[in-house]
Amino acid sequence: MSIKENLSSIKSKLPEHVTLVAVSKTKPVDTIMEAYEAGHNTFGENKVQEMVEKYEEMPKDIEWHMIGHLQRNKVKYMANFVRLIHGVDNFKLLKEINKQAKKHDRVIDCLFQIKIAEEDSKFGMSTYEAKEIITSKSFSELKNIRITGVMGMATFTNNETQIKQEFNVLKQTFEDLKPLETTNFKPETISMGMSGDYQLAIACGSTMIRVGSSIFGARNYQ
Ligand SMILES: *Cc1c(COP(=O)(O)O)cnc(C)c1O
């Protein structure tokens with residue numbers, strides 16, 4: 001199937017409240033343009049430099065999401081355009097995003113990455129750490145960021161029961177944090193679900209799915 005067909009097949013199955021982020025990492029601009037020309041304009045990348053290069057070449061009404069693990073020293077390269085940063089897992093990083101956003105007179109939306117997988121390799125904070133940050137005075141002073149929800153990655157496994165349990169943990173974290181809403185904590189998004197598990201994620205309360213290979217085909221890492 002073509003990229004256009006893949007997109008419309010996925011979109012036809014999505015409830016209205018679920019946003020599709022098309023994960024375009026490793027894919028060249030002409031491939032991503034096929035999705036853009038089919039009417040899709042929200043893309044996710046996991047490397048800052050790659051995202052910047054694509055941003056510069058591609059139409060400016062594209063919304064670029066940073067979905068990967070992010071180093072503080074890279075924030076400055078994308079602060080002028082990034083639409084949503086999914087992987088914020090510590091306060092120092094958040095402070096840097098705030099600082100760079102301020103230089104561009106912007107407010108950058110971010111998600112707290114919550115560790116839901118049992119694997120050590122997955123990044124993220126605990127619900128407790130997220131609460132500590134949200135309720136701190138130093139957080140309330142960050143005027144150029146807004147936390148709009150949570151993001152999580154399930155364990156890489158075929159065990160659906162386990163994946164479902166982990167998605168449920170993220171949904172519960174979201175519900176636990178929700179009452180803490182402030183001017184820069186506006187919880188509305190639960191980013192979970194990828195090509196292999198997005199239907200399960202939606203059943204567990206996802207409002208944003210990040211789908212790559214089911215749209216663009218398998219990735220070739222070299
Ligand atoms: C690559 C990636 C995805 C998409 O994975 P697919 O299995 O190709 O859909 C989603 N989220 C993150 C954080 C990723 O790095």
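Student: Leaving aside its neighbours within four places in sequence, which residues is T148 in contact with?

Tutor: This is a predicted model, so the answer is computed from predicted atoms. T148 lies in strand β6, which covers residues 145-151. When neighbours within four places in sequence are left aside, the contacts of T148 are L84, D109, C110, L111, K186, P187, E188 and T189.

Student: Does T148 count as buried or exposed?

Tutor: A residue is called buried when its relative accessible area is under 20%. The relative accessibility of T148 is 4%, and therefore T148 counts as buried.

Student: In which strand is the place of I85, and why does I85 count as buried?

Tutor: I85 belongs to strand β4, residues 84-88. Not counting residues up to four places away in sequence, I85 touches M66, L70, M78, I97, I108, D109, C110 and L111. I85 counts as buried because its relative accessibility is 1%.

Student: What distance separates the C-alpha atoms of I85 and P59?

Tutor: Along the chain, I85 and P59 are 26 residues apart.

Student: Which residues surround the ligand, and how do they divide into nonpolar, polar and charged?

Tutor: The ligand is surrounded by V23, K25, I67, M151, M153, M194, S195, R210, V211, G212, S213 and R219. By residue class, this shell divides into six nonpolar, three polar and three charged.

Student: How far from an oxygen atom of the ligand is an N or O atom in the side chain of K25?

Tutor: K25 is found in the loop between β1 (19-23) and α2 (29-37), and K25 is one of the residues that surround the ligand. The distance from an N or O atom of the K25 side chain to an oxygen atom of the ligand is 2.6 Å.

Student: How much of the accessible area of the ligand does the protein cover?

Tutor: A backbone N or O atom of S213 lies 2.8 Å from an oxygen atom of the ligand, and a polar side-chain atom of R219 lies 2.7 Å from an oxygen atom of the ligand. On its own, the ligand has 400 Å² of accessible area, and the share that the protein covers is 90%.

Student: What modified residue does UniProt list for K25?

Tutor: K25 counts as buried because its relative accessibility is 15%. R219 and Y221 are among the residues that K25 touches, not counting those up to four places away in sequence. For K25, an unreviewed UniProt entry lists the modified residue N6-(pyridoxal phosphate)lysine.

How values were computed. Residues are numbered from 1 along each chain as its sequence is written. This is a predicted model: local features need pLDDT of at least 70, side-chain atom pairs count only at pLDDT 80 or more; totals for chains, interfaces and linings use all residues. Side-chain values use heavy atoms; hydrogens and water are left out. A residue is near a molecule or strand if one of its heavy atoms lies within 4 Å of it. A polar contact is a pair of N or O atoms within 3.5 Å; within protein, one must be able to donate a hydrogen and the other to accept it, and residues adjacent in sequence count only if both atoms are side-chain atoms. Accessible areas come from the Shrake-Rupley method with a 1.4 Å probe; for residues, only the protein chains shown count as cover. Ala, Val, Leu, Ile, Met, Phe, Trp, Tyr, Cys and Pro count as nonpolar, Asp, Glu, Lys and Arg as charged, and the others, Gly among them, as polar. UniProt positions are given in the numbering used here, feature names are shortened, and annotations may be inferred rather than shown by experiment. Helices (H or I, at least four residues) and strands (E, at least two) are DSSP runs, numbered from the N terminus. Buried means under 20% relative accessible area, exposed over 50%, partly exposed in between (1.4 Å probe, protein chains only). Contact means heavy atoms within 4.5 Å.
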